[in-house]
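Subject: Structure handover and findings

Dear colleague,

Please find the structure below, together with its sequence. My notes on what was found in it follow directly after.

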Amino acid sequence: VINVCSLWKPTALVFGGKVSNKFSLFYPKLVTHLKKQRFFDVPVMLESEFKDDAGIYGGLIYTKLSTS
């Protein structure tokens, strides 16, 4: 996460997949750790609404768009 924030300086990060299942457990510690860094502003961090199904929805949308 630190590398992503340092390189791209995102305004938001969305955590999906298996990581999103434990988002509430690691989020407070992650924010505390990121605030100690002086190289970037801490982005908004969100939990994916689709959880483990995000890849399925993404694949469906990609297929739909590529066959239209």
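A polar contact is taken here as a pair of N or O atoms within 3.5 Å, where one must be able to donate a hydrogen and the other to accept it. Please bear in mind that this is a predicted model.

By that criterion, the side chain of Ser48 is of interest. One of its polar atoms lies 3.4 Å from the backbone nitrogen of Lys51, and the backbone nitrogen of Phe50 lies 3.1 Å from a polar atom of the Ser48 side chain. Ser48 itself is found in the loop that runs between strand 2 (44-47) and helix 4 (54-66). Because its relative accessibility is 11%, and buried means under 20%, Ser48 counts as buried. Beyond its neighbours within four places in sequence, Ser48 is in contact with Val14, Phe15, Gly16, Ser20 and Ala54.

Turning to charged residues, side chains of opposite charge can pair when their charged atoms come close. How many salt bridges does a search of the whole structure find? The search finds two.

One joins the side chains of Lys18 and Asp52, with an N to O distance of 3.4 Å. This pair links distant parts of the chain, since Lys18 is in helix 2 (residues 17-21) and Asp52 is in the loop between strand 2 and helix 4, 34 residues apart. Lys18 counts as exposed because its relative accessibility is 63%, whereas Asp52, at 37%, counts as partly exposed.

A salt bridge is also formed by Lys51 with Glu47, and the closest N and O atoms of that pair are 2.0 Å apart. Both partners count as partly exposed: Lys51 has a relative accessibility of 28%, and Glu47 has one of 35%.

With kind regards

Terms used. Residues are numbered from 1 along each chain as its sequence is written. This is a predicted model: local features need pLDDT of at least 70, side-chain atom pairs count only at pLDDT 80 or more; totals for chains, interfaces and linings use all residues. Side-chain values use heavy atoms; hydrogens and water are left out. Helices (H or I, at least four residues) and strands (E, at least two) are DSSP runs, numbered from the N terminus. Buried means under 20% relative accessible area, exposed over 50%, partly exposed in between (1.4 Å probe, protein chains only). Contact means heavy atoms within 4.5 Å. A salt bridge is a side-chain nitrogen of Lys or Arg within 4 Å of a carboxyl oxygen of Asp or Glu.
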